Amino acid sequence: MGRKPLGPGKSKGSQDLFRWIQDKGLTFTRAGELLGYPKESISRYVTGARKPDPSAMYKMEKLAGIKMSRWLE
């Protein structure tokens, strides 16, 4: 079983992803499975340590409703 996210980074996209994970009651592992990314990538996106590439942003917009522009705010 994965761990729960600790808290979001400063970007609006990180905050939206964190909120989506919390609202769905997911772990990094499960969120990664749903989005098609390893839990380490999800963790980095949530904490703001890494910004998703455009294809990942697009996928998160389609699956989680997080607008691509939110990662740039």
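This is a predicted model: local features need pLDDT of at least 70, side-chain atom pairs count only at pLDDT 80 or more; totals for chains, interfaces and linings use all residues.
Colleague: Which residues have the most contacts inside the largest nonpolar core?

Modeller: Two or more residues of this core come from each of α1 (12–24), α2 (28–35), α3 (39–47) and α4 (54–64). The core has 17 residues. Those with the most contacts inside it are L17, W20, I21 and I42.

Colleague: Which residues does L17 touch, leaving out those up to four places away in sequence?

Modeller: L17 is one of the buried residues of α1. With residues up to four places away in sequence set aside, L17 touches L35, I42, Y45, V46, M60, I66 and W71.

Colleague: How far does α1 reach from its first C-alpha to its last, and what span is expected?

Modeller: α1 has 13 residues, and the expectation is taken at 1.5 Å a residue. Just after α1, G25 takes a positive phi of about 70°. From first C-alpha to last, α1 reaches 18 Å, close to the expected 18 Å.

Colleague: Which helices are included in what covers the buried residues of α1?

Modeller: The buried residues of α1 are G13, S14, D16, L17, F18, W20 and I21. Their cover includes α2, α3 and α4.

Colleague: Is D16 buried or exposed?

Modeller: The cut-off for buried is under 20% relative accessible area. D16 has 12% relative accessibility, so D16 counts as buried.

Colleague: How far apart are N and O in the salt bridge of D16 and R19?

Modeller: D16 and R19 are 3 residues apart in helix α1, so about one helical turn separates them. R19, at 42% relative accessibility, counts as partly exposed. Their side chains meet in a salt bridge with an N to O distance of 2.9 Å.

Colleague: How many residues apart in sequence are the parts that D16 and R70 tie together?

Modeller: D16 forms a salt bridge with R70, with the closest N and O atoms 2.7 Å apart. D16 lies in helix α1 and R70 in the segment after α4, so the parts tied together by this pair are separated in sequence by 54 residues.

Colleague: Are α1 and α2 roughly parallel or roughly perpendicular to each other?

Modeller: The axes of α1 and α2 are 10 Å apart, and the two helices pack at an angle of about 105°. In this contact, L17, W20 and I21 of α1 meet F28, A31, L34 and L35 of α2. Angles of 65 to 115 degrees count as roughly perpendicular. α1 and α2 are therefore roughly perpendicular.

Colleague: Which residues of α3 meet α2, and at what angle do the axes of α2 and α3 cross?

Modeller: The axes of α2 and α3 come within 8 Å and cross at roughly 105°. On the α2 side, the residues in contact are F28, T29, A31, G32 and L35. Those they meet in α3 are K39, I42, S43 and V46.

Key: Residues are numbered from 1 along each chain as its sequence is written. Side-chain values use heavy atoms; hydrogens and water are left out. A nonpolar core is a set of buried Ala, Val, Leu, Ile, Met, Phe, Trp, Tyr and Cys residues joined through side-chain atoms within 4.5 Å. Buried means under 20% relative accessible area, exposed over 50%, partly exposed in between (1.4 Å probe, protein chains only). Helices (H or I, at least four residues) and strands (E, at least two) are DSSP runs, numbered from the N terminus. Contact means heavy atoms within 4.5 Å. The expected span of a helix is 1.5 Å times one less than its number of residues. A salt bridge is a side-chain nitrogen of Lys or Arg within 4 Å of a carboxyl oxygen of Asp or Glu. Axes are lines fitted to C-alpha atoms, for helices over the stretch in contact, and angles run from 0 to 180 degrees between N-to-C directions. Angles under 35 degrees count as roughly parallel, over 145 as roughly antiparallel, 65 to 115 as roughly perpendicular and the rest as oblique.
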